[in-house]
Structure formats: structure tokens, C-alpha cells
Amino acid sequence: MKYYFIWMLTLLLIPSMVLAADIPLPQDINAKVSVTKGMRDGLWEKTLIVRFPEKRRTLSTTDGFGDARAAINHAAHPELWMKMHEEMQTRHELGGNVYVRKIQEKVAKNLGLKREDVAQMSTAADMDNLAVVTKVFKPFVVTALVTAGAKTNAQRTGVDEGTYIEGEEPKGTVNILILTNARLTDGAMARALITITEAKTAAFEDLRIPSSYTKGVQATGTGTDSIIIATGTTGPKVTYTGGHNRIGELIGKAAYEAVIEALGKQNGFKKAKTSQS
């Protein structure tokens, strides 16, 4: 009874008691994926963690190019984002940024890594609504892991006004993490950003998601979307990832289907049925 009481007390005192669940990936990807879940101040935190057996060249829309041993997509309850924004705010840094950095540091420490070894992005979308889509056309394998929300933050780029200068914490957010066995050059990863963004926008159009800011206007994404691309180590070398290439096709289709699925799970968006002529 004494040890049970101590164990229960430990659960109450630790801000985030982690429970992990593994997500299977194709063997060719050569990475391990899990989701850790915990509580902070009575609100949920969930982190998708992708671990690599060696350093992988990555491109993150948050951190730029890097050589990472892990990549994360951290999700937190919307109320927790607001709470952390207020409590961790400093004179020089927004609270949400401090919070994400501390999560990145915590994950790195748990994995025995440095913070700069972990590529990161964050969201208020629930990680339980994660979509995982794999596309294969030998010798290429591509997996997209996507969280997405677009109820309050959807916008049409080129039309809607950007009212913030820096650092608005996540609201809706579409986060797309692309893994592949292909050995992508830096140029191929940069070009993949276009392919992925086009796929995301196509998903928004097919779901008919409206802008949250301009009435009657079709949204192209949200104002806080992020992408991480991690190159492979065993597949063919690739220098171009546009839609005319097979690898570009796979990246685009995986991203498109995963965004459709994630937005359906998170917000209930569904593709409109087309009438047969």
C-alpha cells in the first residue's frame, strides 16, 4: 500500500507522465515512430517522435536545413498554449516559443541527443487525429505523417491580411512530416516544399474549406502551417521532386491523402460528392 501511494503521488507531481505508443513504418524508411502522451496542469500534451539510427539531412520550415537524429511534432491542448504563452513570456521571447524549445530540449535529453539534433514543429491539433499515409513505387517509398486543423485559422494566401509581425502561437495548423528512403539533395528537399504545399492546397480546395478571414473565399492553408522533410539513406539519389517525377508524384499523393484524412478526423471536413453524368 505504501509503494502504491508513492507511485500515485509521483504521477500527480510530475507535469507530464509519458505513455508511448509505437506507429509502424515501412522497413525501407528505417526510422522508428512513437507518440508520447501526458498531462500538464490538467491539459493534454502529445508528441510525435521520429527517431533515426543515424543523422539525417532534414529541411524544416521552422529551423531550415539541419542534420537531425530525430524529428518531432508536438501537440498541446489549445488552452495549454494560451497558458504557456502567458506564463513563459519574457522580454525577448514569446511564451509559446519558450514552451516549444523546452519540449524540444526535453525530447532531446530523453533520447540522449542535443537540442539541435531534433527538428521540430508544433500544433494545437490533437495527435489522436494523426494521419499516416505511405506510397510505394519501387524503388521509392514515401510516408507522410500529418496533423491538421482549419476551423479558425484557414486563410487564402495572397488575399487575406497578415496582422502579426512575429510569433503567433499555433491555432489550426497543418503540419506535414515527410519521410522517404530516397537520398534527396538539398535542392530536391527545397523543391519538395512546393510539391507538398500544392498537395495541401489541393486538399483544401477539394474539401471546400473557406477562409476564416475573408467571407466567400477559398482557403489555401492556415497561417501557421509547417513542413519537415527527412532524406533517406538507402534509396536512389534524387535531385528533383516536382510532380513530373515519380518521387514527386509519391510525395504529392501521400501529402494530399494525409491532409484530407487529418482534416476529416480533426474537423469533420469531407470531400463533396460529385454527381455522375
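A residue is taken as buried when its relative accessible area is under 20%, as exposed when that area is over 50%, and as partly exposed in between. Asn30, at 35% relative accessibility, therefore counts as partly exposed in this predicted model. The residue is found in the loop between β1 (19-23) and β2, and its phi is near 55°, a positive value in a residue other than glycine. A positive phi of about 55° is also found at Asp41, likewise not a glycine, which lies in the loop between β2 and β3.

For the chain as a whole, five helices and 13 strands are assigned. Of the 277 residues in the chain, 49% are buried, and the accessible surface comes to about 14,300 Å², of which carbon and sulfur atoms hold 53%. Among contacts in the chain with a separation of 6 or more, 71% are accounted for by residues 24 or more positions apart.

The largest nonpolar core comprises 40 residues, and those with the most contacts inside it are Val146, Ile196, Phe204, Ile209 and Leu263. At least two residues of this core are supplied by each of β6 (131-137), β7 (140-148), β9 (174-180), α4 (186-207), β12 (226-230) and α5 (246-267), with α5 giving the most, namely 11 residues. A second, separate core is made up of 23 residues, including Ala31, Ala68, Leu145 and Ile228.

Once residues up to four places away in sequence are set aside, Gly252 touches Thr195 and Ala199. The C-alpha atom of Gly252 is separated by 8.5 Å from that of Lys200, although the two residues are 52 residues apart along the chain. After α5 comes Gly268, whose phi is positive, near 80°.

A corresponding description applies to helix α3 (residues 95-111), whose 17 residues should span 24 Å at 1.5 Å a residue and whose end C-alpha atoms are 25 Å apart, in agreement with that expectation. The buried residues of α3 are Gly95, Gly96, Val98, Tyr99, Val100, Ile103, Gln104, Val107 and Ala108, and these pack against β2 (32-40), β3 (43-60), β4 (64-76), α2 (78-87) and β5 (118-123). Just after the helix, Gly112 takes a positive phi of about 75°.

Two packed helices are described by the angle between their axes and the distance between the axes. The axes of α2 and α3 come within 7 Å and cross at roughly 105°. That angle makes α2 roughly perpendicular to α3, because angles of 65 to 115 degrees count as roughly perpendicular. Where the two helices meet, Leu80, Trp81, Met84 and His85 are the residues in α2, and Gly95, Gly96, Tyr99 and Val100 are those in α3.

Asp117 has its place in the loop between α3 and β5 and, with a relative accessible area of 11%, is buried, the cut-off being under 20%. Not counting residues up to four places away in sequence, Asp117 touches Lys55, Asp67, Ala68, Arg69 and Ala70; of these, Ala68 is also included in the second core of 23 residues. The other position, Pro139, is found in the loop between β6 and β7, and the peptide bond from Lys138 to Pro139 is cis, with omega near 10°.

Definitions and conventions:
Residues numbered from 1 in each chain as written. Predicted model: local features only at pLDDT ≥ 70, side-chain atom pairs only at ≥ 80, totals over all residues. Heavy atoms only, no water. Core = buried A, V, L, I, M, F, W, Y, C linked by side-chain atoms within 4.5 Å. Buried < 20%, exposed > 50% of the residue type's maximum accessible area, 1.4 Å probe, protein only. Helix = DSSP H or I, 4+ residues; strand = E, 2+ residues; numbered from the N terminus. Contact = heavy atoms within 4.5 Å. Areas by Shrake-Rupley, 256 points an atom, 1.4 Å probe, with all protein chains shown as cover. Expected span 1.5 Å × (residues − 1). Axes fitted to C-alpha atoms, helices over the stretch in contact; angles between N-to-C directions. Parallel < 35°, antiparallel > 145°, perpendicular 65-115°, else oblique.
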